Structure formats: structure tokens, C-alpha cells
Amino acid sequence: MSDWRIETRCVQSGYRPGNGEPREVPIYQSTTFKYDTSADMGKLFDLEAPGYFYTRLQNPTNDYVAAKIAALEGGSAAMLTSSGQAASFFAVFNIAAQGDHVVACSTIYGGTFNLFNVTMRRMGIDFTFVSPDCTDEELMAAFRPNTKAVFGETIANPALTVLDLERFAKAAHAHGVPLIIDNTFATPVNCRPFEFGADIVTHSTTKYMDGHGAGVGGAIVDSGHFDWMAHADKFPGLCTPDESYHGITYAEKFGKEGAFITKATAQLMRDFGSIQSPQNAFILNLGLESLHVRMKRHCENGLALAEFLSKHPKVEWVSYPSLPGDRYYERAQKYLPNGSCGVVSFGVRGGRADAEAFMKELKVFAIETHVADARSCCLHPASSTHRQLTDEELRAGGVSANLVRMSCGLEAAEDLIADVEQALAAV
Ligand SMILES: *Cc1c(COP(=O)(O)O)cnc(C)c1O
């Protein structure tokens, strides 16, 4: 199974039914699980045996789907979370505590930026934001003795910057910390960050993985490569006994392959309860079964729209990493040779008001706080998702006031282009 191509993994990995068992992943719609003896259950509480006791921590449906996502990314272990936000929070909070510090890319998704810059700062964790295009000197200068991780996005939402994964992995490893990559926009169909040195991958499964705008969810995948014990002084949560679990040392008991996800499940899911519902995990799995087919079409439509926009006189600029001439084209060819995503950003010539006028005329693209599903949609970040940011933060995040984010769905490219053409004509 480990040598299956990505297409086959999308369809078949994770749940493997036995003789006479259901062909499709069963939905374990149960909060709790029954045991014959207290001793049997006690083993679960001591993490001595694998198994289920309460869906706030783990559920079999979720674990089947998480196993598929682990197979897609080429990781050793994975977990589902209730949302992408929960995945980002857990991935960082699992290894960073009060008094610690994290280096993050300045172009990360606005919701993640706010989580880090406001909410996690309140928890006593400090962040330094660096441009994905910073110099090596700037990158190295961002690290401190208490730095615990580096965080970035393969393709940033909505700035569409492409991260030099190998360079950021090298810098993280030179400082004895893991690289955490939000791979939401690329999906493992187009990029598997572990192949370029990343250690942990997160997803908002709400986007392409679900792909139908049906269920909010997230996922965390561990590569199993990061040697926590080699940097035990930096990661006491993984490398010293957990008194809330009878003195277990996660990195010893579960090794490089299992420590990160076991700790995140046993401690963070137990205490925060940000579990994905088994119903949503089932819906997510339906999406994953066609992810490889859909990503191909999303990328074809994205490229066709980007090419059209790049020649239109009412368009000031276009950003699409797979468009020849794009600032990130060379990097995208290296990390995303089969396509990037269906999201295209561009600036309507004029400014903020012209961007809003253009969007009002669209008939196929709907205005939504969403991207990356079957139906095409669009958004003006400066007046919606990013309105809490200052002009300076907007600029650092790679978002200008006239930026319109177009998410190309699975419709015919000709219809998407005709829609944009008539809306631009009306501006
Ligand atoms: C949407 C998104 C998130 C947040 O995910 P939710 O599922 O909405 O919580 C995180 N990262 C990226 C890149 C996203 O696009």
C-alpha cells in the first residue's frame, strides 16, 4: 500500500474492510464504547492498549479518515480536528508553552495570523513574522533560544506566495526545531511537504479535501522524522514524564513516529475537545475519494482564468503561481510541478470601489467567505476576512486593497471566463 500512487491512496487508503464488512467507512455515531471489565478500560486510560472510550478524544470513523490523510502526505500518524483553526492551534501548542517563541511566515492565512498574533500571544507565546522571501540573514535573525517551531503555508491564502520549503526546513533544523506546514491550498495531490523536509503538516480539510463546502474540519499529520529526544531540553512536554498520564514520556513510549499525535490526542483533545464529528469525517472521506480528480480540474480552471486576466486591460496585476512570469513560477515548478490550486488573485485597475463593483456583476462566481470547493466563488479580503488588519499588516500579508480572490470551482473554464469578462466590461 505504501507504494500506491497518490490517486489510489485517495480512493483506497485508510479504511480496509475485512471479509463481509461494510465497503464504505462506517459512521460510528456513538459517544462512548463498552468494555467487559474495568481493567480493560484502565489499560486505555494508561495508554497501555490502543482503543476507544469516549469520542471527545477519538472515534474509529475519524481515525480511518486520518489514516488516509497520513497515507496521502506520507506521514507516520495523523488526527482530525474540528476545524483548520483547531489544527493550527494544536500543532503549535503541542510543543510551545508560555514563555516560548515561534517563527511564522507573514503571509499566512488571516485567521491563523490572528490566532498567533492575538490569542496565542495572550497565552504567553511570542511570534516573529518573517516574509517568505526574506534573506537568509533575516530568517536566521528571527530565531531565539526559546524558539520551538517554524510555521508557514505551502501556498499562502490569499497572498498565493509559494514557500521555499527546503530553505525553511534547513533553517528550522539548524536551530533544532520542526517546520510545521499548512498544506491546505496545495493538498498532498500537488505537494507533499515531508518530501522537502517539513516535519508536521496541518490542513483545513474544509477546503479542497472536503471540496463541496459541506463540512468544517482540520487535520494534523506527523512525518515521524523529527527526533524530539535529540532536542529534549527544548521539548519537555514530549521528552519528560506527563504526570496527567501516569508518568508516560511520549517520545520514549511512542517514538518519533507516534509521540506528537499521541500527545496532541491524549492532552489537547482531552482538554479542549476540538474533535471532528464522525458524520463530518464520513463526508470528508467522500471528498478525499475524488481529490485527485478534482484538483486537476481546479488547476486547469485556475490557469485558464489567470491567463485570461493577465491579458485584460482592466486588470492591474495577476497572481497565480503556475502562470509563466508569476513571481513564484520557478518555485512553483519545483514544489508544485503538477499544478498549484484553483485560487487566482488579481487587482482590478482602479481600486477598492472598482473591485467591489466588479464583484457585484458576477453571476457564476458567488461572493463567499470560502475558497476551494466545487462552486466558483470570490472574495474581497480588504473588506471582509482581513478587515481587522491594519494597512501595514495587510501589506506584510501580501494583500492589497484592490485584491480580489477568485476560487475556480469545477465548472467549464469557458463559463468562468465569460462571467469575469462581462463583469469587467461593466466596471
Ligand atoms: C481556511 C483556512 C484555515 C482555517 O481553517 P478552518 O477550517 O476555516 O478553521 C487555515 N489555513 C488555511 C490556509 C485556510 O485556507
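Leu-160 sits in the loop between strand 4 and helix 7. Helices (H or I, at least four residues) and strands (E, at least two) are DSSP runs, numbered from the N terminus. The phi angle of Leu-160 is near 60°, a positive value in a residue other than glycine. Leu-160 is buried, at 0% relative accessibility. Buried here means under 20% relative accessible area, with exposed over 50% and partly exposed in between (1.4 Å probe, protein chains only).

The model is a predicted one, in which local features need pLDDT of at least 70 and side-chain atom pairs count only at pLDDT 80 or more, while totals for chains, interfaces and linings use all residues. Residues are numbered from 1 along each chain as its sequence is written, and side-chain values use heavy atoms, with hydrogens and water left out.

Pro-158 lies in the loop between strand 4 (147–153) and helix 7 (165–174). A cis peptide bond links Asn-157 to Pro-158, with omega about 0°. Leu-47 also has a positive phi, about 55°, although it is not a glycine. Leu-47 belongs to the loop between helix 2 (38–45) and helix 3 (60–73). Its relative accessible area is 18%, and Leu-47 is buried.

The ligand is surrounded by 14 residues. The closest are Asn-157, Asp-182, Ser-204, Thr-206 and Lys-207. The shell comprises 2 nonpolar, 9 polar and 3 charged residues. In this division, Ala, Val, Leu, Ile, Met, Phe, Trp, Tyr, Cys and Pro are nonpolar, Asp, Glu, Lys and Arg are charged, and the others, Gly among them, are polar.

Polar contacts (pairs of N or O atoms within 3.5 Å) were then examined. An N or O atom in the side chain of Asp-182 is 2.6 Å from a nitrogen atom of the ligand. A polar side-chain atom of Lys-207 lies 2.6 Å from a ligand oxygen atom. For Ser-204, a polar side-chain atom is 2.9 Å from an oxygen atom of the ligand. On its own the ligand has 380 Å² of accessible area, and the protein covers 92% of it. Accessible areas come from the Shrake-Rupley method with a 1.4 Å probe.

The largest nonpolar core holds 102 residues. Such a core is a set of buried Ala, Val, Leu, Ile, Met, Phe, Trp, Tyr and Cys residues joined through side-chain atoms within 4.5 Å. Val-92, Phe-116, Phe-168, Ile-220 and Trp-228 touch the most other members. Helix 11 (residues 255–272) gives the most to this core, with 7 residues.

Technical notes:
Near = heavy atom within 4 Å. Polar contact = N/O pair within 3.5 Å; in protein donor to acceptor, adjacent residues only side chain to side chain.
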